[in-house]
Amino acid sequence: MPQIENLSSPVTNLSADDRLAMHFSMLRVRRVEEGIAARYSEQEMRCPTHFCVGQEAVPVGISAHLTPYDYVFSGHRSHGHYLAKGGDLKAKLCELYGKEAGCARGRGGSQHLIDLEAGFVASAPILAGTLPIAVGAVYGSSKTNPERISVVYFGDGATEEGAFHEAMNFAAVKNLPVVFVCENNLYSVHSDFSVRQPPGRSIAKLGPAHGIKSQTADGNDIVTVWNLGQEAVLRARSGDGPTLLEFMTYRWLEHCGPNDDAALKYRTKEEISAWQSKCPIVRSDVALRRDGLLTNDLLKDFERKISEEIETAFEYAKSMPFPDPADLMTFTLPEKA
């Protein structure tokens, strides 16, 4: 696998305000996930929940280049993608609690998030299931809305599905404005690369086989993600076709659930610790302080704003009613609060 150094990329045309905004966004995603994890044992959230702790830089760096008009699709580990794209936090938490005010009216849970106003079209648990949908959606709108692009997030396991190759091939043939974003966290549930893919081949090498420009990069460095995201999004908007970006990253928690899983021994404590030392938020903090952009007072202000938002959102979600059982077989998207 590609070796990723624990260094921050040099800043190019990224403004100080943008860097601080992305740091805030990564911190917000992390604190929301921690808030969910802390409350999950209360057993009021009964849906399977896949956390993205450790992987915050990828969705934040990509979404910095998107508008609400652009489409975003995701898979089962979708919390960061939803929040970074502007998905409504209250609606998300209501969904996890199974409440009628949830973004999918309490019918979908953690793996079926949606916020059409933010351009977050869908997440789904079927491995690689949203890849062809992301391609088809932008293909369907390309004639009347040529300025719109589609971004689809997926894990390394999805690249072993036929739908991945079919979607890539169709996007290349039709020269569609799609950015394929692979968050390679090294594991498909508990299986590492050695039992799933041939040695010495990065996922990015699959792109050229379909005629798609591709690159492997450090997914825990927000500046790297931002730079490559800018290139891919501009390429898509300019009519130069799709891009495959493979970002090396790592999930800190168990495959599904809020706990540490080192006791399962499919990965070592040393490996987990080594990747935690590459924390995207800590690395961003160090780089911002190095450049004189982040102070203790500013960070405290970030934490205060995020904490207040999260507490208010949880209080709201817990206070909302469950769906009426008589209405469970009907569905229209809820109005936002």
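Trainee: Is S141 buried or exposed, judging by its relative accessible area?

Mentor: In this predicted model, S141 has a relative accessible area of 6%. The cut-off for burial is under 20%. S141 therefore counts as buried.

Trainee: Which residues is S141 in contact with, leaving aside its neighbours within four places in sequence?

Mentor: S141 belongs to helix α5, which spans residues 131–141. Once neighbours within four places in sequence are set aside, the contacts of S141 are Y71, P146 and R148.

Trainee: How are α5 and α6 oriented to each other?

Mentor: Helix α6 covers residues 162–173, and its axis lies 8 Å from that of α5. The two helices pack at an angle of about 20°. Angles under 35 degrees count as roughly parallel. The orientation of α5 and α6 is therefore roughly parallel.

Trainee: What is the handedness of the crossing in which α5 passes α6, and of the one in which α1 passes α4?

Mentor: The passage of α5 by α6 is a left-handed crossing. For α1 passing α4, the crossing is right-handed.

Trainee: How is α1 oriented to α4?

Mentor: Helix α1 (residues 16–40) packs with helix α4 (residues 89–96) at an angle of about 25°, and their axes are 12 Å apart. That angle makes the orientation of α1 to α4 roughly parallel.

Trainee: How many charged residues are in the contact of α1 with α4?

Mentor: The residues of α1 in this contact are R28, V32, E33 and I36, which meet L89, K92, L93 and L96 of α4. The contact has 5 nonpolar residues and no polar ones, and the number of charged residues is 3.

Trainee: Which class of accessibility applies to A21?

Mentor: A21 is placed in helix α1. Under 20% relative accessible area is buried and over 50% is exposed, with partly exposed in between. At 43%, A21 is therefore partly exposed.

Trainee: How far apart are the C-alpha atoms of A84 and A118?

Mentor: A84 is found in helix α3 (residues 79–84) and counts as buried, at 18% relative accessibility. Not counting residues up to four places away in sequence, A84 touches S25, P59, V60 and S63. A84 and A118 are 34 residues apart along the chain, while their C-alpha atoms are separated by 9.8 Å.

Trainee: Which residues touch the most other members of the largest nonpolar core?

Mentor: In soluble globular proteins, nonpolar side chains tend to be buried together. The largest nonpolar core here has 71 residues, and those touching the most other members are I36, I62, V151, V181 and F247.

Trainee: How many residues are in the other core?

Mentor: I62, from the largest core, is in contact with V151, Y153, V181, V225, G229, L245 and F247, leaving aside its neighbours within four places in sequence. Apart from that core lies another, with A134, V152, F164 and F180 among its members, and its residues number 23.

Trainee: Which elements do the buried residues of α10 pack against?

Mentor: The buried residues of α10 (residues 280–290) are P280, I281, R283, S284, D285, A287 and L288. They pack against α1, α2, β5, α8 and α11.

Note on methods
Residues are numbered from 1 along each chain as its sequence is written. This is a predicted model: local features need pLDDT of at least 70, side-chain atom pairs count only at pLDDT 80 or more; totals for chains, interfaces and linings use all residues. Side-chain values use heavy atoms; hydrogens and water are left out. Axes are lines fitted to C-alpha atoms, for helices over the stretch in contact, and angles run from 0 to 180 degrees between N-to-C directions. Helices (H or I, at least four residues) and strands (E, at least two) are DSSP runs, numbered from the N terminus. Angles under 35 degrees count as roughly parallel, over 145 as roughly antiparallel, 65 to 115 as roughly perpendicular and the rest as oblique. A crossing is left-handed if the near helix is turned anticlockwise from the far one by less than a right angle, and right-handed if clockwise. Contact means heavy atoms within 4.5 Å. Ala, Val, Leu, Ile, Met, Phe, Trp, Tyr, Cys and Pro count as nonpolar, Asp, Glu, Lys and Arg as charged, and the others, Gly among them, as polar. Buried means under 20% relative accessible area, exposed over 50%, partly exposed in between (1.4 Å probe, protein chains only). A nonpolar core is a set of buried Ala, Val, Leu, Ile, Met, Phe, Trp, Tyr and Cys residues joined through side-chain atoms within 4.5 Å.
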